[in-house]
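The following exercises concern the contact between two protein chains.

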Number of protein chains: 2
Amino acid sequence: MSSTGKTGQDGDQARVKRRESRFALRLLAQWRRLALPAGGERVIVAVSGGADSVALLLMMDELRRSGQLALEISVAHLDHELRGQGGLEDALWVKRLADSLGFDFTLGRGGVRERARRTTDNLEQAARRARYEFLAGVAKESEARLVLTGHTLDDQAETVLLRLLRGSGSEGLSGMEAVRPLHEASDVTLARPLLAWARRVDTESYCRERDMEFRRDSMNEDDGFARVRVRRQLLPLLKTFNPRAVEAIARAADLLREDAAVLKNSAEELLKRASSEGKTAGINSGPSITESLSVDVLKDAPAPVRRRALRLWIAGGRGDLRRLELVHLSGVEKLLAGERGGRRAELPGGSFVEVRRGRLWFHVK
Amino acid sequence: MSSTGKTGQDGDQARVKRRESRFALRLLAQWRRLALPAGGERVIVAVSGGADSVALLLMMDELRRSGQLALEISVAHLDHELRGQGGLEDALWVKRLADSLGFDFTLGRGGVRERARRTTDNLEQAARRARYEFLAGVAKESEARLVLTGHTLDDQAETVLLRLLRGSGSEGLSGMEAVRPLHEASDVTLARPLLAWARRVDTESYCRERDMEFRRDSMNEDDGFARVRVRRQLLPLLKTFNPRAVEAIARAADLLREDAAVLKNSAEELLKRASSEGKTAGINSGPSITESLSVDVLKDAPAPVRRRALRLWIAGGRGDLRRLELVHLSGVEKLLAGERGGRRAELPGGSFVEVRRGRLWFHVK
């Protein structure tokens, strides 16, 4: 399946070069910048049927046909089962697109409403979780180590704005990463090769250039979803202040992401020092994130680094950071200051942190 | 003038305590948190006549009368001379308010339009510059070391949003500081004791509680000013997403301000190392910010710290950072990487940075 395009064009480089659109060449440049693999493996493209993911799939097809990327492409589509017949029609449409390009196709069913009912997630959160679980399953089944989504610069700006509205710090305001593990400790990479440069209008005009239709998801027009209102009401207003507001917000996110990486590094170093400092040699085997921490070392550290270190430590102890708020971290920090109100700080879910003999100890429920 | 209130109430502490409003007590709590002086000196309160600054002045008066703060208060008002008769009426209104409270009053005249014409500043920038210059002058004349403005949490959120729309990093997105030198190297402190907690609606309802009118500046209703549109269009929309959007944005700013302080510290350390490393002992007298910097030391540093160090270095060399953009910093960073395109990087205004013998050298025009 994957070699058809390439073989047919090996003999005519000039014709091949002409075939690549401006957009596909920008994707290729970004592909290289992100150091993504140029060949020899399978890649899963998540395709909702919207302009962004359809454009991504077609550009990948261009680059495969021209021989720039020698990858096997599979298409994955999740029916969130939120829209009955409409969802099924989208799924069929994406399947036909995949067929026409000669790509494998996998359909997933989300049961998102059911999933939201079972958990405390809202529909948007449940849908996102369902998507990433589905993609992880498809990747595993087809032994792919790379999954692509069609997130654009517009998605990035929307994410940053939603997080600003929640009062997030630099990690949240950094928005999405262009490359990250699909989930924690996963050896599958999630890449968003449009994120750093493509505007949504670009993907739409690319689809039109290629004479390719795309689907309009009615979920994307439901103002009950905050993200939809950011897209349809907030961003248009922001553009009246600065026509390049989307780019400006994404640039801010880039700067904050770099800051956050430096501070995370400092936090990891602090954690190491706080863990090893004052320990009796020979008693503890090796440094582990749930080891006790020296109060003195933590106390002397700057607050933003200390808070990040404590988050890492708690994540290590509990397995995750679910429902951990600034107020819980402040509780732990108060232990350091030796302020009144008990020598332990409770964490959501029943685990707690205790101060004893000049060290912080993590207690799992 | 200043002792009237205090003397009259020394004998009746219970009655005095009742006099302090909830708002004045919050101001007092913040005053202490910011470690501002409790007495024995003169403080200048900048009063435009709007609800925020009028509320600040009245709360300060409460705290002075109740004996919580033993400060001499002077009122300063700048007529921006943008609105002819309206500006004069505001000035007279503020003068009468100051008189009625028994405070000194100083009127300044801005000539803001003329000032904007002379410079490349827009009206908003020219007005801000005129205000701070005026306040510095008043402080000097009356030998005051503390100037107060009535900026609120709403002003903070507006500032953050305007900077996000420009694509600022964490320094810009940190918004305003509650306490800072009035201008660089000034020994006059500018404090904004309402910034961290007071909403604009609070100051308005406080004025109503005190049965005190306030002025509505027509500049604050002119949609030609970006800040006015942020206040009148953007913030109301953001509140439909989160009723506490202003607080959320201000919280994000607080977190980013703490991050920025840590990174600035790291940048200063880096600068020190880059300046001393590889220097022949005895040749250079003491470390100065315009000394040459070791390319190797800078090259090994994380980009966000390096960029901040270079900004500090350039600010030291040029005297300021006017018109310095990310693109100029990138130019200097390219010198470090030894990339092609010349061994110097031009800065706006004619100064430039040169790489020679493994070091960066700053050349003033």
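**Exercise 1. Polar links across the interface**

Task: In this predicted model, determine how many residue pairs are in polar contact across the interface of chain A and chain B, and how many salt bridges there are between the chains.

Solution. 
Step 1. Across the interface of chain A and chain B, 12 residue pairs are found in polar contact, both residues of each pair having pLDDT 80 or more.
Step 2. The salt bridges between chain A and chain B number 4.
Step 3. A salt bridge here requires a side-chain nitrogen of Lys or Arg within 4 Å of a carboxyl oxygen of Asp or Glu. The side chains of E258(A) and R307(B) form such a bridge, with 2.3 Å from N to O.

**Exercise 2. Composition of the contact**

Solution. 

**Exercise 3. Area of the contact**

Task: State how much area chain A and chain B bury between them, and which residues of chain A lose the most area to chain B.

Solution. 
Step 1. Chain A contributes 37 residues to the contact, and chain B contributes 37 residues.
Step 2. Between them, the chains bury about 3,100 Å², with 72% of this area on carbon and sulfur atoms.
Step 3. On the side of chain A, the most area is lost by L164(A), L165(A) and F241(A), which together account for 21% of what that side buries.

**Exercise 4. Relation of the two copies**

Task: Identify what rotation and what shift superpose chain A on chain B.

Solution. 
Step 1. In general, two copies of a chain are related by a rotation about an axis and a shift along it.
Step 2. Here the rotation is 180° and the shift along its axis is 0.0 Å, with an RMSD of 0.1 Å.
Step 3. The relation is therefore that of a two-fold axis.
Step 4. Both copies use the same surface, since 100% of the contact residues of chain A recur in chain B.

**Exercise 5. Confidence**

Task: Determine where in chain A the pLDDT is below 50.

Solution. 
Step 1. The average pLDDT of chain A is 89, and 91% of the residues score at least 70.
Step 2. The pLDDT is below 50 over residues 1-16 of chain A, and it stays under 50 over residues 281-289 of chain A.
Step 3. Where pLDDT is low, the predicted coordinates should not be read in detail.

Key
Residues numbered from 1 in each chain as written. Chains lettered and ligands numbered in written order. Heavy atoms only, no water. Contact = heavy atoms within 4.5 Å. Buried area = accessible area lost by both parts, 1.4 Å probe. Polar contact = N/O pair within 3.5 Å; in protein donor to acceptor, adjacent residues only side chain to side chain. Least-squares fit on C-alpha atoms with pLDDT ≥ 70 in both. pLDDT = per-residue confidence, 0-100.
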